[in-house]
Amino acid sequence: MATIHVEDSENLEKAIKRFKRMVEKEGIIREWKKREYYEKPSTILNRKNKALARKLMKKTRGKGGHTSAAY
């Protein structure tokens, strides 16, 4: 849970910026957006599998490239 303590002499805008940074760092908004709507377990699994496939494709694409010196 993100909490901040605001001093009486502290600027309000500065405190708000500090709070926003803390919320972003903890991933609260990302988590809220993820849980905003119900997602079926099969949909979650499909999304994770697609992300893994993209990651693997990106990884193999970088290794198997050819160089211009070979031509």
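Me: Which helix does Ile 28 lie in?

Reply: Helices (H or I, at least four residues) and strands (E, at least two) are DSSP runs, numbered from the N terminus. Ile 28 lies in helix α2, residues 28–35. This is a predicted model: local features need pLDDT of at least 70, side-chain atom pairs count only at pLDDT 80 or more, and totals for chains, interfaces and linings use all residues. Residues are numbered from 1 along each chain as its sequence is written, and side-chain values use heavy atoms, with hydrogens and water left out.

Me: Is Ile 28 buried, exposed or partly exposed?

Reply: Buried means under 20% relative accessible area, exposed over 50%, partly exposed in between (1.4 Å probe, protein chains only). Ile 28 is partly exposed, at 36%.

Me: Now salt bridges. How many does the whole structure have?

Reply: A salt bridge is a side-chain nitrogen of Lys or Arg within 4 Å of a carboxyl oxygen of Asp or Glu. The search finds four. One of them pairs Arg 18 with Glu 10, at 2.9 Å from N to O. Arg 18 is partly exposed, with 29% relative accessibility.

Me: Which residues are linked in a network of salt bridges?

Reply: An α-helix has 3.6 residues a turn, so residues three or four places apart point the same way. The network links Glu 31, Lys 34 and Arg 35. Glu 31 meets Lys 34 at 3.8 Å, N to O. These two are three residues apart in helix α2, so about one helical turn separates them. Glu 31 also meets Arg 35, at 2.4 Å. That pair is four residues apart in α2, again about one turn. Glu 31 is partly exposed at 28%, while Arg 35 is exposed at 63%.

Me: How do I check a helix's length?

Reply: The expected span is 1.5 Å times one less than its number of residues. Helix α1 (residues 12–26) has 15 residues, so it should span 21 Å; its end C-alpha atoms are 21 Å apart, which agrees. Gly 27 follows α1, with a positive phi near 75 degrees. Helix α3 (residues 41–63) has 23 residues and reaches 33 Å, close to the 33 Å expected.

Me: How many residues of α3 are buried?

Reply: Zero of its 23 residues; α3 is hardly covered. Across the protein chain, 6% of the 71 residues count as buried. The chain runs α-α-α from the N terminus, with zero strands.
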